[in-house]
Amino acid sequence: MKKKSLLLITTVVITGLFLISWMVPQEQKKPTPWEVPEKYKKMENTYKDDASLNKVGKMLYAKHCKSCHGNRGLGDGPMAKNLETFSGNFSSEEFQNQSDGVLFYKSFIGRDEMPNYEKKIPDDEDRWAIINFLRTFKK
Amino acid sequence: MKKFLIVIISIIFAFNLAYTQEEEIKKDKAVRLPFNSGILIDNQTCEIPTAKTLEMLIQHRFGKMDNGIKDIWGIYSPGANIRIGFNYSILDNLMIGYGLTGRKMQSDFQVKWNIVQQTRKNTIPVAVTLYGNMAIDGREKENEGIWGVNYKFSNRLSYFGQLIVGRKFTDWLSIQLTSSFTHYNLVDSISDHDKIGIGINGRARFSPQSSLIFQYDVPLKIKKISEHHEFINPSKPNFAIGLEISTSTHAFQIYITTADGILAQEIYMFNRNDWTKGFSNLMFGFTITRLWSF
């Protein structure tokens with residue numbers, strides 16, 4: 001008797017969870033505003049317009065960023081749908097109006113679902129190469 | 001042998017000297033990622049993840065390919081070999097690691113030291129790396145077929161040391177040359193305890209994340225260090241070719257290879273598969289690595 005009721009409860013719970021999963025909103029959250037430290041806001045891009053870094057930026061973007069942010073920075077990479085927060089549209093005016101320093105902070109220091117990349121991309125030259133590449137998404 | 005060692009030591013010394021001299025004038029940065037991962041099929045590369053990074057590896061060899069469709073070219077056949085390992089980068093150029101291999105239940109402890117890195121302005125044209133490991137055979141000591149009647153712990157030990165010289169020639173092509181020394185404390189009566197080997201391996205990248213990878217390792221038959229008059233059934237060269245796909249924290253390699261030993265000393269000492277004989281001597285294998293930074 002006990003076994004039977006246990007089985008029944010388990011079945012009900014599992015079925016319930018399965019059905020509830022349709023009701024939970026699947027849409028991604030909009031990101032809250034970032035708190036960027038003063039130091040980064042004022043940061044100068046020492047490699048601005050350095051054409052020799054174009055290829056480097058493209059390669060590093062493909063390796064570290066593309067899986068979530070997508071080929072053209074639209075936030076449509078294969079991993080993007082697993083994120084709770086929308087990862088942003090890099091071609092938008094809103095995104096492109098941010099200073100290089102702010103983008104640097106968001107890209108390499110990160111927060112929440114956006115991981116820290118200081119260890120994986122340790123060289124400042126490489127980091128600015130990626131920031132330069134993000135500028136090419138501008139429409 | 002002595003001459004060989006002298007040459008190696010003088011090469012290392014010369015590069016070290018060149019490096020310190022150059023540093024005084026202007027810092028020339030190391031080239032970007034000559035390899036995507038610290039391992040290339042069975043070989044080590046000059047790549048070491050940045051300090052305080054933990055790397056986990058799963059290396060897998062399937063069975064031989066000669067049964068064809070019956071067991072999907074060995075993928076579903078028994079007799080697979082697996083190594084699971086963990087490496088930790090203490091410094092940007094120094095890594096230690098531990099791994100356990102299924103066949104013989106060998107535990108290995110390894111050290112890799114990147115002596116010099118190739119630089120972008122070519123002040124140092126090549127990367128020089130030293131790799132060494134010690135493995136402990138983990139099979140039960142009651143097995144007289146392996147250990148004989150006088151079991152001694154030291155008979156379980158084997159050692160491997162390797163000098164790796166590599167160069168990233170272009171953005172897409174990196175090649176390494178290796179020379180190595182293998183020693184087993186216990187071998188059967190017709191084999192040698194020591195083996196010297198040379199090898200070549202590399203990667204050719206064809207897209208930002210994918211590369212063609214290959215390796216060819218040759219155990220040398222050197223009369224001078226042999227304990228026997230002739231070589232009976234000596235170990236065969238190890239050939240492998242495959243694909244590598246890498247992302248931010250993963251590298252995935254899939255390949256066709258001759259050696260099922262996984263550990264370098266096992267391959268140089270005991271590989272009897274000959275790639276020229278076709279499917280019956282070849283197998284599929286894969287490696288997955290995952291990085292965690294602290």
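A residue is called buried when its relative accessible area is under 20%, exposed when it is over 50%, and partly exposed in between, with a 1.4 Å probe and protein chains only. Helices (H or I, at least four residues) and strands (E, at least two) are DSSP runs, numbered from the N terminus. The structure is a predicted model, in which local features need pLDDT of at least 70 and side-chain atom pairs count only at pLDDT 80 or more, while totals for chains, interfaces and linings use all residues. Residues are numbered from 1 along each chain as its sequence is written, chains are lettered from A and ligands numbered from 1 in the order in which they are written, and side-chain values use heavy atoms, with hydrogens and water left out.

The description may begin with helix 6 of chain A. Among its buried residues are A:D100, A:L103, A:F104, A:K106 and A:F108. Because 10 of the 10 residues of this helix (residues 100-109) are buried, helix 6 is largely enclosed by the rest of the structure. The cover over these residues includes helix 2 (38-41), helix 5 (93-96) and helix 7 (124-135) of chain A. After helix 6 comes A:G110, with a positive phi near 70°.

A nonpolar core is a set of buried Ala, Val, Leu, Ile, Met, Phe, Trp, Tyr and Cys residues joined through side-chain atoms within 4.5 Å. The largest such core has 24 residues, and A:Y61, A:F108 and A:L134 have the most contacts inside it. Helix 3, helix 6 and helix 7 of chain A each supply at least two residues of this core. A second, separate core of eight residues includes B:I41, B:I213, B:A240 and B:Y255. Contact means heavy atoms within 4.5 Å; leaving aside neighbours within four places in sequence, A:F108 has contacts that include A:Y117, A:I121, A:I130 and A:I131.

Chain A also meets chain B, in a contact that takes 16 residues from chain A and 18 residues from chain B. Together the two chains bury about 1,400 Å², 46% of it on carbon and sulfur atoms; buried area is the accessible area (1.4 Å probe) that two parts lose on being put together, summed over both. On the side of chain A, the residues A:M59, A:K63 and A:K119 lose the most area to chain B, together 48% of what that side buries.

Charged pairs form part of this meeting. A salt bridge is a side-chain nitrogen of Lys or Arg within 4 Å of a carboxyl oxygen of Asp or Glu. The elements that give two or more residues to the side of chain A that touches chain B are helix 3 (54-64) and helix 7. Helix 3 gives the most to that side, with six residues.

A:E125 takes part in two of the pairings described here. With B:K29, A:E125 forms a salt bridge of 2.7 Å, N to O. A:E125 lies in helix 7 of chain A and B:K29 in the loop between helix 1 (2-25) and strand 1 (39-40) of chain B, so the pair joins two chains. A:E125 is buried at 14% relative accessibility, whereas B:K29 is partly exposed at 31%. The salt bridge of A:E125 with B:R120 is 3.2 Å, N to O. A:D123, A:E125, A:D126, B:K29, B:R32 and B:R120 are linked in a network of salt bridges.
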